[in-house]
Amino acid sequence: MFSKHVSVLSSAYCHHELSHKDSQRFAEHLIACPGCRGDFEEVKLGAKLAERLDVLAAPASIWSNVVANLDTGRRTSGRYYFLKPLAIAASIVLLIAGGLWLSRRITTAPSQSWQVARLVGTPRIDSKSMSDQDQFAVGQWLETDAASRAQLNIDDVGHVEIDPNTRVRLLQTNQSEQRLELAHGRLSARISAPPKIFFVNTPSGVAQDLGCAYTLQVDDAGNSVLHVTTGWVSLQATDREPVVPAGAACATKRHFGPGTPYFEDSSETFRTALTSFDFDAVAEQSSKRSSLDVILREARSRDAMTLWYLLSRVNNNERARVYDRMTALVAPPEGVTRQGILNLDQSMLDRWKVKLGLSWDEVMQPKHSVWKKLWKETLGRLNGLQEKR
Ligand SMILES: [Zn+2]
């Protein structure tokens, strides 16, 4: 891992300019350093937008006009000669950027593929038996039967093992996003790329890698269970986006979205009660209440993670009970009050989240400077264009 900060390498990473070894060290640093992670998020977004700009050859007249203006500008306007060509160049940038937003003509990167290795049996790609080493291209389905397994290898990102009776499709592969669809079955991912590069879509939500190893299983009804072995994974669906830490799991049900994350070493009674609290649609209020009774009674201090998520999923009366149980298990951080939590004060919830070690996503929001980065990327693309001429 790099011991110094690595923000300056973000753009090189996004453009595949780092060596394999440096890419890995870069990713490792990002997992440990929130500051560089925040910067990387911005560069990635800028690169993603710039990637989608159409590269069009400008009419020759534009360049001769620029040159002509440059010449007359030099002769006539003295020290401000550089302003006009600069204004023209800026207009071109704005026109191209504007065209992006107005026309919504989104170009996709040339179709790419992952390497896939046959582990046992005969996995099939688009219904054809695959060879020992094969290519898995965007849009293709990979399917294993009861006796076959395969491994997907993604350069500089990691690998994904596909278990028997599993069906996956490759949706996207480029430097800023690798996306797989898991229709049913089970996969195990070990990812060494920076956070938020590798995604798995399931019928009931999207698993977003935050630097980790995990298994994800989807049943025939489209419900899924995520088990995280190292790092963090967030689950995106509906209005919830729980972050699941190592050692924890989270179930997701179709039409319900993600349930509440829990540590897998919690008691079976605790987990059963949590499942019925999360997913029993027709549960009477009284049965929800008795599930909550069991959850609170069975919770260990480590399970304060689960209780933190429950705070914003219960009604006011129940919230007071969850709060009281949490404070009995883990002292709240300074500045967090009972009334504040009962009112779902966001800054207090966040502070408590940090104390529980669940603060992974707090630096992940891009800041305003993303526009500066986008501007730089756009200028980079234009320079590239000029060089080509
Ligand atoms: Zn750093």
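How many of the residues in the protein are buried? Buried residues make up 44% of the 389 residues, where buried means under 20% relative accessible area, exposed over 50%, and partly exposed in between (1.4 Å probe, protein chains only).

## About the model

Please keep in mind that this is a predicted model, in which local features need pLDDT of at least 70 and side-chain atom pairs count only at pLDDT 80 or more, while totals for chains, interfaces and linings use all residues. Residues are numbered from 1 along each chain as its sequence is written, and side-chain values use heavy atoms, with hydrogens and water left out.

## The overall picture

The protein has twelve helices and 16 strands. Both kinds of element are DSSP runs numbered from the N terminus: helices are H or I runs of at least four residues, and strands are E runs of at least two. Among contacts (heavy atoms within 4.5 Å) between residues at least 6 apart in sequence, 50% join residues at least 24 apart.

## Salt bridges among the strands

Side chains of opposite charge can pair when their charged atoms come close. The whole structure holds 14 salt bridges, a salt bridge being a side-chain nitrogen of Lys or Arg within 4 Å of a carboxyl oxygen of Asp or Glu. One of them pairs Glu-143 with Arg-167, with the closest N and O atoms 3.3 Å apart. Glu-143 belongs to strand 5 (residues 141–143) and Arg-167 to strand 8, so this pair ties together parts that are 24 residues apart in sequence. Glu-143 is partly exposed at 34% relative accessible area, and Arg-167 is partly exposed too, at 25%.

Strand 8 also holds Arg-169, whose side chain meets that of Glu-181 in a salt bridge of 2.8 Å, N to O. Glu-181 sits in strand 9 (residues 177–191), and the pair links distant parts of the chain, twelve residues apart. Arg-169 counts as partly exposed, with 26% relative accessibility. For a buried example, look at Glu-177 and Arg-179: their closest N and O atoms are 2.9 Å apart in a salt bridge, and both residues are buried.

## Two loop residues with positive phi

Most residues other than glycine have a negative phi. Asp-156 has a positive phi, near 60°, and is not a glycine. Asp-156 lies in the loop between strand 6 (149–154) and strand 7 (158–162), and is buried at 13% relative accessible area.

Asn-165 is another non-glycine residue with a positive phi, about 55°. Its place is in the loop between strand 7 and strand 8 (167–174). Is Asn-165 partly exposed or buried? At 43% relative accessibility, Asn-165 counts as partly exposed.

## A pair of helices

Helix 7 (residues 285–298) and helix 9 (residues 316–329) pack at an angle of about 10°, and their axes are 10 Å apart. Axes here are lines fitted to C-alpha atoms, for helices over the stretch in contact, and angles run from 0 to 180 degrees between N-to-C directions. Helix 7 and helix 9 are therefore roughly parallel; angles under 35 degrees count as roughly parallel, over 145 as roughly antiparallel, 65 to 115 as roughly perpendicular and the rest as oblique.

On the helix 7 side, the contact is made by Gln-285, Arg-289, Leu-292, Asp-293, Leu-296 and Arg-297, and on the helix 9 side by Glu-318, Arg-321, Val-322 and Arg-325. By class, this contact has three nonpolar, one polar and six charged residues. In these classes, Ala, Val, Leu, Ile, Met, Phe, Trp, Tyr, Cys and Pro count as nonpolar, Asp, Glu, Lys and Arg as charged, and the others, Gly among them, as polar.

His-5 lies in the segment before helix 1 (10–14) and is exposed, with 61% relative accessible area. Leaving aside neighbours within four places in sequence, His-5 is in contact with His-29, Cys-33 and Cys-36. The C-alpha atoms of His-5 and Cys-36 are separated by 6.5 Å, while the two residues are 31 apart along the chain.

Ser-224 is found in strand 12 (residues 224–236) and counts as buried at 5% relative accessibility. Beyond its neighbours within four places in sequence, Ser-224 is in contact with several residues, including Thr-202, Ser-204, Leu-216 and Cys-250. The side chains of Ser-224 and Ser-204 are joined by a polar contact of 3.3 Å. A polar contact is a pair of N or O atoms within 3.5 Å; within protein, one must be able to donate a hydrogen and the other to accept it, and residues adjacent in sequence count only if both atoms are side-chain atoms.
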